[in-house]
Amino acid sequence: MDTAPLLGAALNAVALPAPRLAGALARRAWARPPRPRPVSPGALDLHGSARTARLAVDGWDVAAYAWGDGEHPVLLVHGWGSRAAQLAPIARRLLDLGYSPVAWDAPGHGATGGPVGTILDARRIMELLQARHGRFRAVVAHSLGAPFAVHALCEGLAADRVVLVSGMADFAFVTGGFEAALRLRPRTSRALRASIEGHYFGGDTTAWARFSTMYGADVLTHPVLLLHDEDDPVVPVEHSRRAHAAFGDRSRLVTTTGLGHNRILKDPEQVDRVTDFVRGADLPTRVSGD
C-alpha cells in the first residue's frame, strides 16, 4: 500500500495550525534515504579490487575507494539513493585507460552509515579526497551529484574537466518529487523548505539558488560535458538543457533516447563518450537522438 498520500494528508492537516511542526516532520521524512542498494553483480569485481579507506567527517565514517596507481585521478560522484559502485562501468574504463578513479559512498548510502549529509558535507568529503589524491583530471557526477560537484568546484575543488550525467540543475528539485508524491499543499511545501533552510543551512533562504548547477556558470571556467537521456523519468532532460544554456560555449550537451536515468551510466557508447571527454576530446555542441 502506498502510504505517501496518507502521510501527506497528515502533514497538510498539521500545517494549518502548526506549520513549523509540519515542516520539521516533513523534513525528517524527506531526509530518510532509501534502503542501501547492494553492489550489483557486475560491479563486484571492481568494488572488491578497490583500495578502501575510511574518512572521519563530522561524525561520519565515510567509505572511500581508489583504484589505479594514483596517476591522473578522476573523482566520481554518485547520486541520491545510490553508491559509488553504480559508477563501476565508467571507473573500469578509466582504469583501463591509465586513470585512477576515486569515489566514496555518501552519508546514509552504501557502506557509509547515516544520517544523510548535505551538499556542504559532500564538499568537505571531496576536499579531503583532493588532499589525498591531488588535483583531479576530471570530476564525473551523476544525478544529485551534479550540483554537489559543481558547488565543490565553485568553492575551490581543483579539476580540469567536468562531466554531469543525468544531472539535476535546479537544487529546489530535491524536494519536488517528495512534495508531489505526498501531495503536499503549498503551505506545507513552504514549511518543508523553511525547515530545510533552518536545519541544514543556518536559515539561508538563498541556498536553493546558490546550490543550483547554474550558479556555477559565472564561476567555473572548466569544459563541461552534459549527458542526459530524453526519456529520463527521474530528472527531466530540461535540467541539462538549462545548464547547457547557462554554461554556454564551454559546455557540450549530448542527449540519448531509451537509456533512462541509470542505464546511461553503463551503456558502452556513453561510457566511451565520458572517458573520451575526460581524455581531452571535444564534441559537437549538441548531439541528439542516439
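The mean positions of the 32 positive and 29 negative charges of the protein lie 7 Å apart. Here Lys and Arg count as positive and Asp and Glu as negative, while His and the chain ends are not counted; each charge is placed at NZ of Lys, CZ of Arg, CG of Asp or CD of Glu. This is a predicted model, in which local features need pLDDT of at least 70 and side-chain atom pairs count only at pLDDT 80 or more, while totals for chains, interfaces and linings use all residues. Residues are numbered from 1 along each chain as its sequence is written, and side-chain values use heavy atoms, with hydrogens and water left out.

**Overall build**

- The protein has 11 helices and nine strands, where helices (H or I, at least four residues) and strands (E, at least two) are DSSP runs numbered from the N terminus.
- Its radius of gyration is 19 Å, close to the 19 Å that the globule rule gives for 290 residues, so the protein is as compact as a globular protein of that length. The radius is taken over C-alpha atoms, and the rule is 2.2 Å times the number of residues to the power 0.38.
- Along its principal axes, the C-alpha trace spans about 60 × 40 × 40 Å.
- Among contacts between residues at least 6 apart in sequence, 74% join residues at least 24 apart; a contact means heavy atoms within 4.5 Å.

**Surface and interior**

- Of the 290 residues, 53% count as buried. Buried means under 20% relative accessible area, exposed over 50%, and partly exposed in between (1.4 Å probe, protein chains only).
- The largest nonpolar core has 59 residues, and those with the most contacts inside it are Leu75, Trp104, Met126 and Leu129. Helix α6 (residues 145–154) gives the most to this core, with seven residues.
- A second, separate core has 32 residues, including Ala50, Ala63, Val274 and Val278. A nonpolar core is a set of buried Ala, Val, Leu, Ile, Met, Phe, Trp, Tyr and Cys residues joined through side-chain atoms within 4.5 Å.
- As general background, nonpolar side chains tend to be buried together in soluble globular proteins.

**Backbone features to look for**

- Most residues other than glycine have a negative phi, and most peptide bonds are trans.
- Asp58 has a positive phi of about 50 degrees although it is not a glycine. You will find Asp58 in the loop between β1 (51–57) and β2 (60–66), and it counts as exposed because its relative accessibility is 54%.
- Ser166 also has a positive phi, near 50 degrees, and is a residue other than glycine. Ser166 sits in the loop between β6 (159–165) and α7 (173–182) and is buried, with a relative accessible area of 0%.
- The peptide bond from Gly114 to Pro115 is cis, with omega near 5 degrees. Pro115 belongs to the loop between β4 (100–104) and α5 (119–133).

**Residues to visit**

- Ala31 lies in the loop between α2 (19–30) and α3 (44–49) and is buried at 13% relative accessible area. Beyond residues up to four places away in sequence, Ala31 touches Trp80, Val116 and Tyr200.
- Thr213 is in the loop between α9 (207–210) and β7 (224–229), and its 2% relative accessibility makes it buried. Setting aside residues up to four places away in sequence, Thr213 touches Ala146, Pro147, Val150, Leu164, Met168, Ala169, Ala243 and Phe247.
- Gly70 is found in the loop between β2 and β3 (73–77) and is partly exposed, with a relative accessible area of 36%. Gly70 and Pro101 are 31 residues apart in sequence and 8.4 Å apart in space, C-alpha to C-alpha.
- Val14 is part of helix α1 (residues 4–15) and counts as partly exposed at 26% relative accessibility. Leaving aside neighbours within four places in sequence, Val14 is in contact with Pro19, Leu21 and Ala22. Val14 and Phe171 are 157 residues apart along the chain, and their C-alpha atoms are separated by 26 Å.
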